Amino acid sequence: MRWPRLLRRPKPWAGLGPEALVQRGVAAHERGAFMEAFEIWRRAAERGSAEAAFRIGQLYWQSQGVARSFPDAVAWYERAAEAGHAEAQLLLGRILLDGAAAGLGGNSPEAWRQSVESKGEERAAIAKVIFPRGLSVEKQPERGFGWIAKAASAGNPEAQALLGDLYRHGRGCEMDKAAARQWYEKAAQQNLAAGEFGLGDVFYQGLGIPKNPQIAADWYRKAAAKGHVRAQVALAFLHLNGEGVAQDRPEAARLFGEAARHEDVTALYNIALMHLAGDGLPRSVDKAETALRKAGRRGHLPSILMLGEFYSKGMAIEPDLREAAYWYLQAAERGDVQAQFFTGRFYATGQGVAPSVREAAKWFLRAAENGHPTAAYNVAIFYLKGTGIPQDIGAAIKWFESAANAGIPAAQVQLGQLYSSGQGVDRDHGLAEQWLEKAAGGGDPEARVAYALFLLQSGASAEAIARAKDLLGQAAETGHAAAAFQLGNLHAGRFGGAPDWPEAARCYARAADAGLTDAMLALGHLHLDPGSGMADPKAASAWFAKAAQAGQPLAQFQLGVMYCTGTGVDQDLEKGVAWYEAAAKQGHLLGQFNLAVMLSKGQGCERDPERAFEWFVQAAEQGMAAAQLSVGDALYTGSGVAQDLEAAKGWYEKAAGQGNEAARQRLLMLAQADGKATHCAD
């Protein structure tokens, strides 16, 4: 038995001509029947309709009724373009200028293709069947230019304005300013704002013709009236600066405002500046901040940098370092070198962000690689100390040299000191002096002090000593306390030669008055020394007190001694103990020992054998033989601690090893006691 053949119902549009088919497809597309529109337009395209081919290209481009495929879209656009479709020619030209690549989102065709192709040759073959043309369109500027030129020649005003841009910038063609002007004029004759704006630029910048701001303003004004945002911005600048038009800041503000309504970042930035200055607009920090943030969120680098400065310096508002750090980080990630340096500094100091030496090192390194001299110095320090990055003396030298060659005195000093000490490099006295002399020659006080000390510590001649004295004097004249202090040491004979105590005292006083505790300490010792000819115990105690109150442990200890002995002050054992303790807590060896002695005897304080033992131990662990003996005695007698003869013996051995006779006697005594005990047992 034969079954009757099923009859296919003919499509209702099967007998329509190309133009009618296009309109039928448009109707289907408007009601959202994209697949039906595709089928109708394909039939029309097969019958030679360029419009249908163009519309199919749009379906592929917009992923309507078909999977998005840029190559397929281009193929259909090209089919329409070859048939003379001007809009297809323009779109095809735009695409070929820059190329097109499918995104890599999770559900994108490109992501699917890559996933399939990664699973073997068989699946890769399937992907090629589904996407025979691939998913990307290569950039072909010359071909793009050619299609745009065809659309322009066909009278498409947008293509004409775009062709003017291409000739102006030499994109896809040789630069031709005269041709650019001609095509802008053709577009402007059709009242296209982009053409009018292009002519404004031609006359403002003098592209192939004499510069004429007045004519430029006329063209910008025509384009601006049609809502062309860039023309509004350009005309605003002319009014702002009085070029080609009367200076009119309120009008500039109005035009910037028009452009800002379209989120133009340049307009937003300038509105912010005008609000901050109260220039052409009412002064308003809030409105300025709002405009900057809008532009900043759109990636406008000048606005981002301004926000960083706005929040870091507190421009008319309280500083907000968290906001400042955030915006500088945005600028740093966009490659701004100064912002990269600032971001490194934020992470290094923990201001506005959680402190992170690793992040600080990363951003300092990035800024250094982009040529920031101070960042190069900072990253060199990080490499030198192994802070945030692995220690690497070679890398430190490299970045010190980069900063030094850029004129950073501190880097030149570091190089001089590294070559002088031979740290990480071969010791080179000549190279060390070369860098230090170069640093000092720039006038930096720190560099002058460093070079002077190098000369003084190198067994220098009288000429070198004189040079060092001159360098220290120059630095001291700028108020540099360390220079005055070292000059005092020089006059005190610390680097050889006969001392000049009055001059040393004057230099020390200059440094001490500037707050340098080492200078206060030096003055205390100078006035305590009968050999200086300036002995004055009261003056000595006053200087020691200033240094001690500033936290100088040596001065704290010395003041403790003076209160305990009544030298230069009224004797006061309680104050003496207090100053010994202050020094002891900072690790001062004699301070720890003397405090322990006072506590063990109850002098100037309540007797406290347990605390005394603790301080004796700290001094003993620093290697002080007398303290080791005292710890041994406490363990032997059980004073302030449980008796432990074996431990006592160990401490006695340490003290005896340093030549302490009393400890040696204690060991003999212990040995004799052990001998008697053994004899009794026998």
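These legends describe close-up views of cysteines and salt bridges in a predicted model.

Residues are numbered from 1 along each chain as its sequence is written, and side-chain values use heavy atoms, with hydrogens and water left out. Local features need pLDDT of at least 70, side-chain atom pairs count only at pLDDT 80 or more, and totals for chains, interfaces and linings use all residues.

**View 1. Cysteines C564 and C605, without a disulfide.** A disulfide is taken as a pair of cysteine sulfur atoms within 2.5 Å. By this rule the count is 0. For C564, the nearest cysteine sulfur belongs to C605, 9.5 Å away. C605 is likewise in no disulfide, and its nearest cysteine sulfur is that of C564. C564 is buried, with 13% relative accessibility. C605 is partly exposed at 24%. The classes are set by relative accessible area: buried under 20%, exposed over 50%, partly exposed in between (1.4 Å probe, protein chains only).

**View 2. The salt bridge between D279 and R249.** A salt bridge needs a side-chain nitrogen of Lys or Arg within 4 Å of a carboxyl oxygen of Asp or Glu. The whole structure holds 21 salt bridges. Here the closest N and O atoms are 3.1 Å apart. The pair links distant parts of the chain, 30 residues apart. R249 lies in helix α14 (residues 249-260), while D279 sits in the loop between α15 (265-277) and α16 (285-297). Helices (H or I, at least four residues) are DSSP runs, numbered from the N terminus. D279 is partly exposed, at 27% relative accessibility. R249 is also partly exposed, at 28%.

View 3. R254 has a relative accessible area of 43% and counts as partly exposed.

**View 4. R506 and E503 in helix α28.** A salt bridge joins R506 to E503, with the closest N and O atoms 2.6 Å apart. Helix α28 spans residues 501-513. About one helical turn separates R506 and E503, because they are 3 residues apart in this helix. R506 is exposed, at 52% relative accessibility. E503 is partly exposed, at 24%.

**View 5. A network of salt bridges.** Three residues are linked here: E581, K585 and R611. Side chains of opposite charge can pair when their charged atoms come close.

How values were computed. Helix = DSSP H or I, 4+ residues; strand = E, 2+ residues; numbered from the N terminus.
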